[in-house]
Amino acid sequence: MSDATVLQQEIAVEQQHVDRVYARLADLRQDASRAEKEGYQLAGVGTFGALVERDAMVFHRARRRHALDAEYEGLVFGRLDLTSGAVHYVGRMGIRDEESQSLVVDWRAPAAAAFYRATPADPLGVVRRRMIQSARERVTNIEDDLLDPEAAPADMRVVGDGALLASLSKATGRGMRDIVATIQREQDDAIRSPASGVTIVTGGPGTGKTAVALHRAAYLLYSDRSRFAGGGILVVGPSGVFVDYIATVLPSLGEDTATLRSLGSLVAGYDATRTDPTAVAALKGSLRMRRVLERASHDAVPGAPTELRLLYRGALLRLDAADLERIRRKALPRGARRNEVRGTGFDRIFDALWTQAKGSVKTLPEKQEFEAELADRTDFRDFLRAWWPRFTPMRVLRWLAEPARLRGYANGLLSREEIALLQGSFDGLAEHGPTIADVALLDELDELMGRPRQPARKNRNNPFHVRDGVQEVSTYADRQALSRAQIVRDEDYRDYAHVVVDEAQDVTPMQWRMIGRRGAYASWTIVGDPAQTAWSGDAEELDRARDKALGSRRRNTYSLTTNYRNSSEIFAVAARVIRTIMPDLPLPSAVRSTGVEPVDLVVGAAQLPEAVREAAEKHLSDVDGTIGVITPVLRRDEMAGWVAGLPERIQVVTALQAKGMEYDAVVLVEPAEIAVDASGTRTLYVALSRATQRLTTVGTRDWHGAAR
Ligand SMILES: Nc1ncnc2c1ncn2[C@@H]1O[C@H](COP(=O)(O)OP(=O)(O)OP(=O)(O)O)[C@@H](O)[C@H]1O
């Protein structure tokens, strides 16, 4: 019998099982929607308990139906034949037949672990591991590994030669694919690492760190759903482009409860995409900025009134600039949060005025009455609002755009050169919003200033209660109630049960603080590659900030050693570049050769736009998937114009935005402009390791010596 016939026969065998699974899935789906409808009908019962029960039931059933409805391309992807003679099918979700016999085991279940972990040296009771490839509900191919030939029955057939390589040669789509069918053993170790503590995954470009992090999130949701779905899983990536790229992986695994955020959108209300020049970003990311911001958060308000004059029952009550400054400082000692102690500041103003009034006003009412009279006066309320307004973090950060203020806050903390570097970098805040690095500063200011306390309850009959915005200045009783009131934290300040940080090598110290606030009680998965960092600041400071965020939790470290992305020809170019600055760095091995060498073009400046366009067009005809045009950070928009009008498969990104991304082909423009220093060389290493099939570098200068 020919190999092709054997393959067709084996495919037919598997098709029978796959058909059974889809038929059962259709039944389950019907049951689930019927049950969901019944749940809604419970609404008629009407007692509170019944409603709660109904909501819980509808929620669970809707979730189940949603999971069953998800488009499970390749629902069954594996089969294990065990030495015991038993057969297990492995798939994206667990399914049982009417008699509760397993038709498919969920890939995350312990019974499926051998699918990923068995090797010829350690077969774990597996005789044959079979990978089943499908297009929708139709089985298209089979790849087998015979792991224990001695134990194989005489009639066992083995077909195909390598599921992994077959899957790696597929063209890249816009989004990242899940790797559930071909997870390798070292990756599986990291995915199934203990749920508590900190799991650290390192490895060179293309070793599957991102894939592992996302599959781990799915694994955690499966293994302890109430803890991780209830508490939430936060996945943090470097850029919006990257988050869009990975956004499809968890839904393809049937999970859509994780929160995905880029560093620029981690804080509610912001979605920053602007970047600062590397040196500025490093400075803004330094822990020294915390002290700078602390000073800003305690400074006097620009344009605040410097005097309070009130005519009260014929007497002039007056607080001059020195009085006001003294009161402000007393009410706002170091460490106090400005928005939270606003009421204390107001109390002190009342007290100072009361002391004066006692000496100068003849017929003085009770203190409470005195305060109520003042609180009712518009001129007094206007003064308080102007003297101690409610601050938003953005308002305070914008003060740093004023050179004199910036110098004042940074004096003794930053050098003159550093202050000059920051000068002007906050100018665009009002018009263009924050840069990615600014978002961590805004979060820090939020922490430093706190949120205004909310009144426990409003007493509408209280004649002293001042309307809207200045409740704090009503009466003593009110203010005391306020001080007891709970501080209402914005919903984004929630604590997640698990935090995944991808491309962790690029998280600055200030960003570690920002992420750390959201994971105070979380377990963590941290993935990254120090050789790919663009960080040019203090390495020791970075470690300190990271350690603080992770606390004393137990750490488990895993390292990945195979590059699944790049052809060996492409990775050889990237490896040469990183070796110029890190000669001893252990590098992953790239397993796939295409036989196509990367192309390196040097042209005159006038020819550059055309050369870039031609290189992109050549890739369009050579590969089916996506093409990245990677540019120096400050030249993206200009270079995007050079490939304007070409098909959508082309994506133009800066070398920093290219972090974590993958394309079938890459045109890398002006490498010499990227590799200006050691940090730039590491960024160039990232850019050179993005392509799976084809790489063309185009520039006006030779860049091979540029890397230092
Ligand atoms: N076991 C696997 N089977 C199939 N494909 C895999 C496997 N592991 C990784 N890949 C593929 O290799 C590519 C690189 O993976 P991924 O982006 O997770 O690597 P990375 O280590 O995060 O890379 P980088 O550090 O360069 O951003 C992806 O296309 C991923 O799907």
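So, Pro205: leaving out residues up to four places away in sequence, this proline touches Asp529, Gln532, Asn563, Arg565, Asn566, Ala574 and Ser689. Keep in mind that what we're looking at is a predicted model. Where does Pro205 sit? Pro205 is in the loop between strand 7 (198–203) and helix 6. And is Pro205 buried or exposed? Pro205 counts as buried, because 27 other C-beta atoms lie within 10 Å, and the cut-off for buried is 20 or more.

Setting aside neighbours within four places in sequence, Gly208 is in contact with Ile179, Gln187, Leu560 and Tyr564.

Now, the ligand. There are 24 residues around the ligand, and the ones that come nearest are Thr182, Pro205, Gly208, Lys209 and Thr210. Which elements give two or more residues to that shell? Those are helix 4 (163–168), helix 6 (209–223) and strand 15 (562–567). If you sort the shell by class, you get seven nonpolar, twelve polar and five charged residues.

Okay, let's zoom out. The protein chain has 708 residues, and 42% of them count as buried. Its secondary structure comes to 28 helices and 21 strands. Take the contacts between residues at least 6 apart in sequence: 75% of those join residues at least 24 apart.

What about the inside? As a general point, nonpolar side chains in soluble globular proteins tend to be buried together. Here, the largest nonpolar core has 149 residues, and Ala217, Ile233, Val612 and Val629 touch the most other members. Pick Val612: beyond its neighbours within four places in sequence, Val612 is in contact with Val629, Met639, Trp642, Val643, Val667, Val669 and Val698. Apart from that core lies another one, of 16 residues, including Leu319, Leu324, Leu384 and Trp387.

Leu324 takes us to helix 12, which runs over residues 321–331. Which residues of helix 12 are buried? They're Leu324, Ile327 and Arg328. These three are on the same side of helix 12, because they cover an arc of only 100 degrees around the axis. The face turned away from that buried side carries Ala322, Arg329 and Lys330, which are exposed. And what do the buried residues pack against? Their partners are strand 10 (308–312), strand 11 (315–319), helix 13 (342–360) and helix 15 (378–387).

Most residues other than glycine have a negative phi. Ser100 isn't a glycine, yet its phi is positive, about 65 degrees. You'll find Ser100 in the loop between strand 3 (95–96) and strand 4 (102–106). Ser100 is exposed, with 6 other C-beta atoms within 10 Å.

The other one to look at is Leu124, where phi is near 50 degrees, again a positive value in a residue other than glycine. Leu124 belongs to the loop between helix 3 (113–117) and strand 5 (126–135).

Conventions: Residues are numbered from 1 along each chain as its sequence is written. This is a predicted model: local features need pLDDT of at least 70, side-chain atom pairs count only at pLDDT 80 or more; totals for chains, interfaces and linings use all residues. A residue is near a molecule or strand if its C-beta atom, placed from the backbone, lies within 6 Å of it. Helices (H or I, at least four residues) and strands (E, at least two) are DSSP runs, numbered from the N terminus. Ala, Val, Leu, Ile, Met, Phe, Trp, Tyr, Cys and Pro count as nonpolar, Asp, Glu, Lys and Arg as charged, and the others, Gly among them, as polar. A residue is buried if 20 or more other C-beta atoms lie within 10 Å of its own, exposed if 12 or fewer, and partly exposed in between; C-beta atoms are placed from the backbone. The arc is that of the directions from the helix axis to the C-beta atoms. Two residues are in contact if their C-beta atoms, placed from the backbone, lie within 7 Å. A nonpolar core is a set of buried Ala, Val, Leu, Ile, Met, Phe, Trp, Tyr and Cys residues joined through C-beta atoms within 7 Å.
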